[in-house]
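Hi,

Here's the structure I promised to pass on.

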Amino acid sequence: MFCYQCQEAAGCTGCTNSGVCGKTPDVAAMQDLLVYVSRGISAVTTHLRSLGQEISAEINHLITVNLFTTITNANFDKEMIVARIRETLDTKEQLLKQCPDVSALPAAALWNGPQSKFPVKAALVGVLSTENEDIRSLREMITYGLKGLSAYSKHANVLMQDNAELDAFLQRALAATLDDSLTVEDYVNLTLETGKYGVEGMALLDAANTGAYGHPEMTRVNIGVGTRPGILVSGHDLRDLEMLLKQTQGTGVDVYTHSEMLPAHYYPAFKKYPNFVGNYGNAWWKQKEEFESFNGPILMTTNCIVPPRDSYKDRLYTTGAAGYPGCKHIAGEIGEEKDFSEIIEQAKHCAAPTEIEQGEILGGFAHNQVLALADSIVNAVKSGAIKKFVVMAGCDGRAKSRNYYTDFAKALPKDAVILTAGCAKYKYNKLDLGDIGGIPRVLDAGQCNDSYSLAVIALKLKEVFGLDDINDLPIVYNIAWYEQKAVIVLLALLYLGVKNIHLGPTLPAFLSPNVAKVLVENFGIAGIGTVEDDLKLFFE
Ligand code: SF4
Ligand code: SF3
């Protein structure tokens with residue numbers, strides 16, 4: 001196997017024996033093949049669109065869920081992945097029948113075979129099958145961005161929001177990663193175009209979430225526990241949470257959020273559920289201890305799954321694109337009501353969660369809430385009470401080097417405000433960093449996709465201050481990344497013209513030296529240094 005799609009790639013170069021994430025070589029191979037057949041079917045849909053044919057929403061969703069399935073820590077279940085390869089090949093055969101001439105299509109569009117041939121084929125189509133390291137780097141960066149975009153699209157799709165233009169782009173870009181006639185320059189342009197659609201995808205999801213559940217508002221979230229048994233919901237899918245909350249009413253079972261589900265508490269629509277108790281635990285990578293002490297069932301709606309201990313494996317459920325072998329998967333397609341009764345039944349027989357902390361976390365500062373506070377924020381900037389905003393959005397992870405972000409948050413000058421989104425916030429959201437004239441020094445917009453809110457806020461501030469360039473704002477970017485959703489957020493920021501983004505704790509292994517050079521020279525992308533040096537860099 002060879003995989004270098006996340007920040008924890010072994011040795012900062014790539015996982016070859018098995019994944020640091022726990023992905024085994026056979027699962028990695030099937031993920032490679034799933035990406036390959038998704039590229040293949042995308043070449044066919046792109047060809048059909050060029051002939052004026054429409055592609056159904058079902059086929060668009062098939063492709064986005066395929067990519068979502070291959071995101072780091074989403075799905076470790078080989079059988080589920082193999083079933084998706086089969087379904088994609090069968091769907092593609094039907095589409096090929098609609099093509100008058102297939103001679104111009106790439107080999108991936110025409111390949112088919114029985115399951116017995118999957119491992120052999122997978123070995124030929126992985127990341128290293130592109131020999132030129134710069135082309136490989138760009139193809140993979142685009143693919144990872146598209147994986148993140150697919151995840152965000154899927155969350156909008158389950159709320160019955162689609163953007164056909166976005167799907168057409170996603171498939172055109174995915175097909176382009178097969179095209180040997182494209183140059184480095186073509187792929188650099190496609191990378192930025194991916195960022196453009198990243199903005200659109202996050203806007204689509206923002207509209208879907210706020211349309212369904214209202215605008216996030218300033219909220220104090222309980223991090224202690226109640227006395228009744230609970231179900232812990234993790235991942236990013238708000239629609240799944242909504243269905244679970246409805247189905248648990250009157251059952252005596254409470255519902256808690258974990259990791260990236262925390263921001264659900266900020267939405268008005270979820271506040272009406274009396275059994276929606278609070279948030280339990282921290283970012284994804286601490287789940288082994290936290291799932292153990294939670295005592296009740298856990299529902300993983302998306303990434304990040306850590307291979308579970310046997311002690312709680314029978315309490316771990318997956319749904320949607322998530323999967324883990326031996327854990328029960330709750331079925332349900334877009335528009336269908338999922339049946340969570342088995343989880344609720346199990347919860348009734350479990351002990352209440354063991355308390356691991358007490359108190360509250362403050363959040364809910366998505367664009368609508370921040371813009372409602374715009375006057376006081378603008379005044380604080382004008383008076384000099386706030387000197388700088390520091391965007392520290394992104395992902396958390398298990399690397400010790402990520403303590404940098406806790407130390408950095410603590411060491412920031414007291415007139416700096418952190419803007420955050422994603423699970424990166426767990427590195428500092430329980431510190432008491434205080435406020436500036438009533439404006440909290442950590443403004444949490446929500447999940448990683450709510451980085452969109454941070455861009456909306458930046459664009460609004462640019463307008464208010466009458467600036468021509470987003471880079472003239474007193475905002476610096478010190479972003480932590482881990483998986484592919486952070487890649488689409490990064491590409492979206494680049495597309496919006498944001499320069500000098502610092503990315504850590506390490507730069508992506510998938511950046512070849514030449515591609516890294518392009519990012520450094522054109523966008524000022526940089527890694528992180530020591531807290532001391534970086535504070536000097538940002539604040540002097
Ligand atoms: Fe390694 Fe990350 Fe790939 Fe897992 S997702 S195999 S940790 S590079
Ligand atoms: Fe976290 Fe996995 Fe990326 Fe949505 S839950 S930010 S790492």
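A quick convention to start: Ala, Val, Leu, Ile, Met, Phe, Trp, Tyr, Cys and Pro count as nonpolar, Asp, Glu, Lys and Arg as charged, and the others, Gly among them, as polar. On that basis, the shell around ligand 1 splits into seven nonpolar, three polar and two charged residues. Its members are Cys3, Tyr4, Gln5, Cys6, Glu8, Ala9, Cys15, Gly19, Val20, Cys21, Lys23 and Thr72 (near means a C-beta atom, placed from the backbone, within 6 Å of the molecule).

Bear in mind that this is a predicted model, where local features need pLDDT of at least 70, side-chain atom pairs count only at pLDDT 80 or more, and totals for chains, interfaces and linings use all residues. Residues are numbered from 1 along each chain as its sequence is written, with chains lettered from A and ligands numbered from 1 in the order in which they are written.

Ligand 2 has 15 residues around it, the closest being Cys304, Cys395, Gly422, Cys423 and Cys448. By class that shell has seven nonpolar, five polar and three charged residues. Domain 2 (219-348) and domain 3 (381-539) each supply at least three of the residues (the bounds come from an automatic or database domain assignment).

Then there's a helix pair. The axes of α7 (residues 164-176) and α8 (residues 184-213) come within 10 Å and cross at roughly 150° (axes are lines fitted to C-alpha atoms over the stretch in contact, and angles run from 0 to 180 degrees between N-to-C directions; helices are DSSP runs of H or I, at least four residues, numbered from the N terminus). That makes α7 roughly antiparallel to α8, a label for angles over 145 degrees.

Cheers

Note on methods:
Helix = DSSP H or I, 4+ residues; strand = E, 2+ residues; numbered from the N terminus. Parallel < 35°, antiparallel > 145°, perpendicular 65-115°, else oblique.
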